[in-house]
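I opened this model to look up how its parts pack. My entries follow.

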Amino acid sequence: MPRRKELSEDLRSRIVDLHEAGKGYKSISKSLDVHVSTVRQIVYKWRKFSTVTTLPRHGRPVKMTARAQRRMLLEVKKNPRVSAKDLQKDLAHANIFVDTSTIRKTLNKSGVHGRTPRRKPLLSKKNIAARLKFAKEHIFHSSTGKIYCGQMKPKYELFGKNTQHYVWRKKGTAHQHQNLIPTVKHGGGSIMVWGCFAASGPGRIVVIDGKMNPTFYQDILQENVRPSVRQLKLRRGWVMQ
């Protein structure tokens with residue numbers, strides 16, 4: 001519901017006069033066609049400040065009501081990638097017309113800021129369960145005496161996507177699922193590397209020039225695995241995964 005214009009000082013004075021004459025709030029509301037809550041506020045102001053004139057304000061009156069702020073925060077929580085313009089259109093349906101800068105400032109005061117989302121590999125639930133199972137099965141236990149040295153052959157994009165994305169989020173929520181952007185390993189050119197690591201740190205990294213084949217892969221293992229083991233200071237009984 002849009003805000004009404006302020007009542008004139010003459011009408012406010014009449015409300016106070018009727019109240020002084022013993023009239024009740026509802027009776028004054030009906031006779032002057034003013035909402036009963038408005039009558040109550042004017043009488044309260046007159047009792048507290050002994051005046052019905054508009055008191056000096058600090059800055060511009062706030063357009064964003066508390067209800068509109070709650071509505072906007074709820075929308076951001078549902079969809080962190082919603083833009084300020086979309087929020088502006090949503091508020092316009094509720095007859096609240098504000099600039100996008102006002103929306104950003106209001107969200108910032110509530111601890112919600114526009115941030116570039118973190119990227120993560122696009123994994124299905126099956127992939128996540130399989131990786132977690134593997135990690136639990138191969139975690140190092142001092143009782144077994146085994147040390148595992150893992151290897152990886154990732155492919156990295158040389159160029160990211162041109163489109164810039166933002167999400168509305170609070171501090172400390174960067175890695176929540178709704179604040180991430182899934183990525184896939186293709187597009188924009190890429191390089192492939194081989195590397196190994198253990199609990200004590202990373203080993204050697206080799207840039208793969210051209211296509212990987214069995215002979216090339218065996219050469220990489222022969223030239224880099226043992227130096228990496230010595231570099232990582234692994235004890236006897238280590239296992240390459």
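**Entry 1**

I started at I103 and listed its contacts (heavy atoms within 4.5 Å). Not counting residues up to four places away in sequence, I103 touches M64, M72, A84, L87, Q88, L91 and V98.

A note on the source: this is a predicted model, where local features need pLDDT of at least 70, side-chain atom pairs count only at pLDDT 80 or more, and totals for chains, interfaces and linings use all residues. Residues are numbered from 1 along each chain as its sequence is written, and side-chain values use heavy atoms, with hydrogens and water left out.

Next I looked up the largest nonpolar core. Such a core is a set of buried Ala, Val, Leu, Ile, Met, Phe, Trp, Tyr and Cys residues joined through side-chain atoms within 4.5 Å. Buried means under 20% relative accessible area, exposed over 50%, partly exposed in between (1.4 Å probe, protein chains only). This core has 14 residues, and L87, L91, I103, L107 and W168 have the most contacts inside it. At least two of its residues come from each of α4 (66-78), α5 (84-92) and α6 (100-109). In soluble globular proteins, nonpolar side chains tend to be buried together.

Which residues of α5 are buried? I found A84, L87 and L91. They lie on the same side of α5, because they cover an arc of only 60° around the axis. The arc is taken from the directions from the helix axis to the C-beta atoms. The face turned away from that buried side carries exposed K85 and K89. I then checked the cover over the buried residues, which includes α4, α6 and β5 (167-169).

**Entry 1: I42**

I moved to I42, in helix α3 (residues 36-49). I42 counts as buried because its relative accessibility is 11%. Leaving aside neighbours within four places in sequence, I42 contacts L7, R12, I15 and V16. I42 and L7 are 35 residues apart in sequence, and their C-alpha atoms are 9.9 Å apart.

**Entry 2: the chain as a whole**

I counted eight helices and nine strands. Both are DSSP runs numbered from the N terminus: helices are H or I with at least four residues, strands E with at least two. Of 241 residues, 25% count as buried. Among contacts between residues at least 6 apart in sequence, 68% join residues at least 24 apart.

Last, I looked up pLDDT, the predictor's confidence in each residue, from 0 to 100. The chain averages 80, and 84% of the residues score at least 70. Over residues 141-147 pLDDT stays under 50. For that stretch the model has eleven contacts beyond four places in sequence.
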